[in-house]
Amino acid sequence: MHDDPPGRRVPRSGTEPATARSDVRLRLLLSAAFLPLFAAATAGFAVWAARSGPGDSPGSGPLTAFAVLCGVLALAAALDVAVLTARGRRERQARPGA
């Protein structure tokens, strides 16, 4: 009844455009590029926070908050890379003749 591609998780409701797609390659490229950047920023802010003294500006609190924020963004980028890689692998295996 539906002409959905293999691996599609949610059937079309009919209200969205048939050709609406996320640019998976761009998403993968951006996630792969920002993952090491956010990981390095996490380490940098953590080291800076550990070395800051009681009277230093910025203090260890804001630096720790930046380290946590960058860590969360690095984790999100890593999860996105993992999900997109697994989805691509599944879709390649589902194609006939692949």
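Against which helix do the buried residues of α2 pack? I began with this question and worked through the model, which is a predicted one.

**Entry 1, overall make-up.** I looked up the secondary structure and found two helices and zero strands. The protein has 98 residues, and 10% of them count as buried. I noted an accessible surface of about 7,400 Å² for the protein, with 65% of that belonging to carbon and sulfur atoms. I then took the contacts between residues at least 6 apart in sequence, and 54% of these join residues at least 24 apart.

Helix α1 covers residues 24-51. I checked its length: 28 residues at 1.5 Å a residue should span 40 Å, and the end C-alpha atoms are 40 Å apart, so the two values agree. I also looked for a bend and found one of about 25° at F34.

Helix α2 runs over residues 60-94. I repeated the check: its 35 residues should span 51 Å at 1.5 Å a residue, and its end C-alpha atoms are 50 Å apart, which agrees. I listed the buried residues of α2 as L63, A67, C70, A74, A77, D80 and L84. An α-helix has 3.6 residues a turn, so residues three or four places apart point the same way. As for my opening question, the buried residues of α2 pack against α1.

Is D80 buried or exposed? I found D80 in helix α2. Its relative accessible area is 17%, and buried means under 20%, so D80 counts as buried. Leaving out residues up to four places away in sequence, I found that D80 touches R27 and S31.

I looked next at the loop between α1 and α2, where S52 has its place. S52 has a relative accessible area of 15% and is buried. Which residues does S52 contact, leaving aside neighbours within four places in sequence? I wrote down P58, G59, S60 and L63. L63 is also on my list of buried residues of α2. A polar atom of the S52 side chain lies 3.0 Å from the backbone oxygen of A49.

**Entry 6, aromatic rings.** How many aromatic pairs are there? I counted three. I then noted which residues form a cluster: ring pairs link F45, W48 and F66.

Terms used. Residues are numbered from 1 along each chain as its sequence is written. This is a predicted model: local features need pLDDT of at least 70, side-chain atom pairs count only at pLDDT 80 or more; totals for chains, interfaces and linings use all residues. Side-chain values use heavy atoms; hydrogens and water are left out. Helices (H or I, at least four residues) and strands (E, at least two) are DSSP runs, numbered from the N terminus. The expected span of a helix is 1.5 Å times one less than its number of residues. The bend at a residue is the angle between axes fitted to the seven residues ending there and the seven starting there. Buried means under 20% relative accessible area, exposed over 50%, partly exposed in between (1.4 Å probe, protein chains only). Contact means heavy atoms within 4.5 Å. Accessible areas come from the Shrake-Rupley method with a 1.4 Å probe; for residues, only the protein chains shown count as cover. Rings of Phe, Tyr and Trp (its six-membered ring) pair if their centres lie within 6.5 Å; planes under 30 degrees apart count as stacked, over 60 as edge-to-face and the rest as tilted. A polar contact is a pair of N or O atoms within 3.5 Å; within protein, one must be able to donate a hydrogen and the other to accept it, and residues adjacent in sequence count only if both atoms are side-chain atoms.
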